[in-house]
Amino acid sequence: MDNHNEARSGAQVGQQVGAHYGDTAIHYESVYHVNQDDPPERRHEVARNFLEGGLPREAERIFDKLLRAGHVTTERAYLYFLSVVGERSFHDLHGELPGRIIGARKMSASLPPDEWSDAFSVGWRLVRFVRDEAAGGSRSEDLDHVLRSFDSLPQPRQYELSEHMRMILSGVVKERLEASHAVRVVAERLGSGRAARAWKFFEPDPVKPKLYAPPAMSVDQGDKVGLVAGGAALLVGVVMTLAYPTLLGVLLGLPLLAGAGYLLHRHGGVREAVKLRNTVKRREVMPPLHPVVARSPGHWVTTEFVQEVHGLVDGYFTEARPHIAGDWPGYTAGISAHLKQRFVDLYGNSRISAGSIGWLIRWHARQVADGWVDNGLSHNQMAIPPRETRLFRTGLAVGVLGMLVLLLSNGFPPVLFLGVGGFFAGRSAMRARAVRDVVKFLRDDAEHVHKAEVDAYQRWLEVLADRPSDSEMARWLAMDRAYLRDNAISRANLPAHDLVTHVVMTEGARGALRARVVHGPPRFSRYVVQLFLLTHSGVREARVELDFLSGDAWNEQRHLFRYDALASASVTEKGLRATRRGKEVEQLRSRSFQLTLVNGRDITVVAENFRNQYEDDIEDESELFLAALHTSGIDTALPILEAVACEGADWIARDRERSQRWSQGWYE
């Protein structure tokens, strides 16, 4: 066959993502966090979460401490057994591990029997059967009797034993158990509303929207000068009028001018405030004169955050474009630039990820898209209330009448000062009042938008209410891996006795969405699944792309090669191993394994961590790497593939010898 998967030198294969909206979604849940003073029940809960989340080594560590401290229950002993055998082949169960399993079994047997002790007993009997099968001697267990006991267990216990013991089981017992397990996987891997819920895990925890305060505004310097100069001219005009008082001027002219000034100031100020508000709103949707640069404005706002916000705005506006002809980029250039500045100003100092406001940016983009047909961005103008216009015009008429009265009673000089001073002082006063009133208008606009945002936030929380837990994500992925493995074995027509062992590894596909719970393993919306089926005659290697959100698999590549076709194997680690203050320190960031065939083709597998830039102090870098390593399957696969690469066709014989030595290391 000419099908193959290939990773040339320098290529990055593992856990990669391309351009996507926002950083990794981090869910700040406490499912994987233990405090020093937590009671045994809380530690038990976290350990079980680790086990269900695909991190049996972490679960093993916590359960071991609980049992050693005397906090023994049948459930705890059983789960400890699962954590020890989980993701381990029989080669890995050596040293103290068999003794620990036997010790936990004795603890369980000393307590009254229940569902958990029955499940532990079945698991123990399965291990004994595999041990006897590896030794090649007489069997202390009857397989049919063990399987009947297995079938009598509740479905959850059957699934747990099948899943966590899959690397240990072999031969006939493996064939019998996996037959029923495969049927269950096909029926359940898309259950629990996976297609409708899985995507929600990759949505960041939304941040509640903040009220956008209107920008500060101040009176223009020219208006201040006009107010002072005009006021001085008015004062001169009034003094001149009173210097030669007339009955008509004092009793009618000046009161008319005072009333006109009040009407013009009050209602003219409202008119100017509406015009100023409309100017501000027009500027929000007008294309910027200069390109908006994605860099930090200072005040502890990182450039990375600004760049991510800009990317989110551009991405969601592109996504929201209606399928209607027109200049969408030109139409949205102004509002997108305004939103970029707005979100940076509001959330730049909040120590949150940009993805946390992605839902809000998407909502704004869709609001703009909904109004594109009728040019909705131009409808943000506010009409001047007719009452304000009528009273403003009344003030003008009253002012003209007052000036005529003074002209007839006091002559031209006072009217000149009063007219010129009134014009400049009145105009400046109206603008000064408008600056004060426009803040109220903009505040009302902001509160209206904020209310709509809060309503959208509540609706979004309702959508995310049934977001799957990390353990559900782990279960679905485990079923996907089992399904693809069983499917590959079935299509290859491999009988159970010809399959020596198998390896299944996963890595994030390029461009996949990423998410995880704090202290938990990474999850991806798309995976590349790599399978190695090791048979007596050679290796069947397959690489397939998995859409985790739907469970669909496509673009399979297959490659067959004999053991003697392996030219070399290499393992490359990036990180630090050192001794600090008498303690060994290990800080690993990635590990890559590469098989090279004699024809020059490389099969490369990479595991690496990724950290969140906003909460680096919460998690250790090595902790992230180990979580990625364990759940990818690479940790289990590397010893097997290294042995195959080193021993070639002799690997099968050596494997049998190792099995026999392993069986002899067990005792009761």
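## Salt bridges within helices

Asp455 is partly exposed, at 33% relative accessibility, and Lys451 is exposed, at 55%; buried means under 20% relative accessible area, exposed over 50%, and partly exposed in between, with a 1.4 Å probe and protein chains only. Asp455 and Lys451 form a salt bridge whose closest N and O atoms are 3.4 Å apart. A salt bridge here is a side-chain nitrogen of Lys or Arg within 4 Å of a carboxyl oxygen of Asp or Glu. Asp455 and Lys451 are separated by about one helical turn because they lie four residues apart in helix 16 (residues 412-463). Helices (H or I, at least four residues) and strands (E, at least two) are DSSP runs, numbered from the N terminus.

This is a predicted model, in which local features need pLDDT of at least 70 and side-chain atom pairs count only at pLDDT 80 or more, while totals for chains, interfaces and linings use all residues. Residues are numbered from 1 along each chain as its sequence is written, and side-chain values use heavy atoms, with hydrogens and water left out.

Glu58 pairs with Arg61 in a salt bridge, with 2.8 Å between the closest N and O atoms. These two residues are three apart in helix 2 (residues 56-68), so about one helical turn separates them. Glu58 is partly exposed at 28% relative accessibility, and Arg61 is partly exposed at 40%. An α-helix has 3.6 residues a turn, so residues three or four places apart point the same way.

## Other salt bridges

Are Arg166 and Glu163 buried or exposed? Arg166 is buried, with a relative accessible area of 10%, and Glu163 is buried as well, at 12%. Their side chains meet in a salt bridge of 3.2 Å, N to O.

A network of salt bridges links Arg48, Glu52, Glu75, Glu115, Arg157 and Glu160. The count of salt bridges comes to 37. Side chains of opposite charge can pair when their charged atoms come close.

## Nonpolar cores

A nonpolar core is a set of buried Ala, Val, Leu, Ile, Met, Phe, Trp, Tyr and Cys residues joined through side-chain atoms within 4.5 Å. The largest has 70 residues, of which Phe81 and Leu161 touch the most other members. Helix 5 (residues 115-135) gives the most to this core, with nine residues. Leaving aside neighbours within four places in sequence, Phe81 is in contact (heavy atoms within 4.5 Å) with Ile101, Phe120, Gly123, Trp124, Val127, Leu161 and Met165.

A second, separate core has 35 residues, including Val301, Leu360, Ala365 and Val368. In soluble globular proteins, nonpolar side chains tend to be buried together.

Helix 12 (residues 303-320) has 18 residues and reaches 26 Å from its first C-alpha to its last, close to the 26 Å expected at 1.5 Å a residue. The expected span is 1.5 Å times one less than the number of residues. Among the buried residues of helix 12 are Phe305, Glu308, His310, Tyr316 and Phe317. The buried residues of helix 12 pack against helix 13 (328-347) and helix 14 (358-370).

Helix 19 (residues 634-647) has 14 residues and reaches 19 Å between its first and last C-alpha, close to the expected 20 Å. Its buried residues include Ile634, Thr636, Leu638, Leu641 and Val644. Gly648 follows helix 19 and has a positive phi, near 60 degrees.

## Strand 5 and its partners

Strand 5 (residues 526-535) is mostly covered, with nine of its 10 residues buried. Strands pair if DSSP finds at least two bridges between them. Strand 5 runs antiparallel to strand 2 (residues 499-508), joined by nine bridges, and Leu534 in strand 5 is the bridge partner of Thr501.

Nine bridges also join strand 5 to strand 6 (residues 539-547), again antiparallel. Ala542 in strand 6 is the bridge partner of Leu531. A hairpin joins strand 5 to strand 6 through three residues.

## Confidence

The mean pLDDT of the chain is 82, and 87% of its residues reach 70 or more; pLDDT is the predictor's confidence in each residue, from 0 to 100. Confidence is highest in helix 3 (residues 74-85), at a mean of 95, and lowest in helix 18 (residues 621-632), at 65.

Over residues 1-21 the pLDDT is below 50, and this stretch has 57 contacts in the model beyond near neighbours in sequence. Residues 612-617 also have pLDDT below 50, with 18 such contacts. Where pLDDT is low, the predicted coordinates should not be read in detail.
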